[in-house]
Amino acid sequence: MTSSPVLPPPPPLPGASAANVTTPLPDLSSAATVPLSSATASPPDAPVVAVPPKVRIASPGRVAGAAAHLAALGVVGPAVFTALFGLFGSGFGLLPALLIGVVVLVAFVYALFAVAWFERARVAGLYGLGLAPIRPRRSPKPGFVGVLHTVWLQAIDPLQWRAVASFAIATILGLATIASIGVVSWGIGLTASPIFGWSDTRLFGIVPLPGIAAPLTGLAAVVVALGVIVGLAVLHGVIVRAIFVPSREAQLVEQARTSDTRRAGAVRAAEVERTRIERDLHDGVQPRLVSIGMTLGLAQTKIDDDPEAAKALVAEAHASTKSAITELRQLARGIHASVLEDRGLDAALSALASRSHIPVTLDVRLPRRCGRAAEEAVYFAIAETLTNAAKHSRAAACRVDVRVREDGSLWARVEDDGLGGARIVPGGGLDGIVNRVTAAGGTARIDSPQGGPTTVEVNVPCAS
């Protein structure tokens with residue numbers, strides 16, 4: 001079987017230093033394609049966004065900025081929607097050609113996503129709403145079915161459609177703004193007609209405006225048109241806030257749901273960790289300690305009759321004791337990594353890589369330290385992923401990338417070139433990863449198609 005190559009590293013972040021270590025490392029065993037947790041967590045593509053409760057939409061700067069945005073969208077928006085409708089119509093028209101029509105419709109879906117991404121970023125930048133960037137949807141299903149499901153999820157993504165609706169509304173308001181700007185220009189010309197000696201001044205090109213009536217009419221038109229522009233800008237702010245910012249009640253409901261999810265994840269993670277510790281003690285350290293006790297008891301019976309044999313037994317017990325101490329240290333390291341707290345995630349992952357059994361490329365770029373809970377969640381997710389990989393994937397290489405993203409979250413990806421086909425099993429290693437990350441308020445995505453590669457991505461808020 002041909003193993004899939006490890007993906008290239010993501011682009012570096014500015015101001016971050018890279019640490020690359022090539023050492024043996026364990027692989028992903030029970031990898032699966034799961035967005036967050038098996039049942040309780042929300043999908044990673046629908047993040048909970050903390051929005052400032054009060055935003056001054058009607059401030060002079062924001063009104064002027066909104067008017068400029070609307071004027072620009074009044075020019076660009078119709079062309080964008082013409083292109084979108086063209087893609088949609090072409091896709092349906094080419095459906096009898098099967099693949100061509102499907103490809104065009106997929107392009108239409110992701111063109112909508114591009115419009116939604118732009119609109120969300122535009123609104124967030126203009127009004128300071130603190131909106132997280134919209135992300136493409138990903139299906140938990142593997143293979144070609146997963147590709148089709150991914151496109152379907154993207155096509156029905158409510159975040160995307162809300163943003164597209166906002167763009168459409170802004171385009172309509174933009175057309176009205178451009179018309180108002182035209183009225184302002186006409187009014188200014190009419191107001192200045194006495195200065196330039198224009199005698200033939202008509203309202204709408206029909207009704208003559210003699211004498212002082214022309215400049216007064218022009219002035220009134222300018223005032224009314226400017227008022228309309230300001231009103232459209234304020235209305236735009238009200239509409240986008242209604243579209244993008246949830247109500248206080250919805251925020252509280254979402255916070256309660258997220259809190260329940262994190263609590264359930266924490267409880268489940270604690271249960272999985274306790275089970276793992278009990279299993280390691282029962283299967284590893286306990287039998288070794290029992291063996292040491294039996295060896296020392298046998299040495300005690302021989303110490304008078306056969307001192308040399310007793311010495312050999314004591315030496316054997318001594319060696320077993322040192323092995324037991326090593327196992328206990330490894331077990332304690334799995335519970336609490338002291339180097340993580342003392343020297344940070346970069347050093348802890350370097351130490352983890354140095355103890356691995358599969359060659360690993362470690363690329364950690366952290367311009368600053370994150371919260372303790374976030375670092376612990378990412379560290380143990382990577383450690384468990386690598387341990388699973390060493391046991392099950394038959395991988396020849398593994399790559400670990402860690403970054404702090406622009407939205408302030410700690411992101412990590414572990415990928416091996418093994419056989420893939422890993423699945424989440426209740427109580428297993430990947431189940432523990434998902435629950436630990438969920439408890440920290442983050443998301444986990446596991447992708448392991450048959451034939452590989454297996455990829456585990458975790459994303460945890462730095463402040464968690």
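Okay, let's start with Arg 137 and Asp 157, whose side chains meet in a salt bridge, 3.5 Å from N to O. That term takes a side-chain nitrogen of Lys or Arg within 4 Å of a carboxyl oxygen of Asp or Glu. This pair links distant parts of the chain, 20 residues apart: Arg 137 sits in the loop between H2 and helix H3 (143–155), Asp 157 in the loop between H3 and H4. By this rule, the count is ten salt bridges.

Quick caveat: this is a predicted model, where local features need pLDDT of at least 70, side-chain atom pairs count only at pLDDT 80 or more, and totals for chains, interfaces and linings use all residues. Residues are numbered from 1 along each chain as its sequence is written, and side-chain values use heavy atoms, leaving out hydrogens and water.

Now the helices, which are DSSP runs (H or I, at least four residues) numbered from the N terminus. How do H1 and H2 cross? The axes of H1 (residues 60–93) and H2 (residues 99–127) come within 9 Å and cross at roughly 170°. Axes are lines fitted to C-alpha atoms over the stretch in contact, with angles from 0 to 180 degrees between N-to-C directions. So H1 is roughly antiparallel to H2 (over 145 degrees).

Last, Val 75, Val 76, Leu 175 and Ile 178 form a nonpolar surface patch; Val 75 lies in H1. Patch residues have over 30% relative accessible area and no salt bridge, with nonpolar side chains joined within 5 Å.

Definitions and conventions. Helix = DSSP H or I, 4+ residues; strand = E, 2+ residues; numbered from the N terminus. Parallel < 35°, antiparallel > 145°, perpendicular 65-115°, else oblique. Patch = residues over 30% accessible without salt bridge, like charges linked within 9 Å, V, L, I, M, F, W, Y side chains within 5 Å. Areas by Shrake-Rupley, 256 points an atom, 1.4 Å probe, with all protein chains shown as cover.
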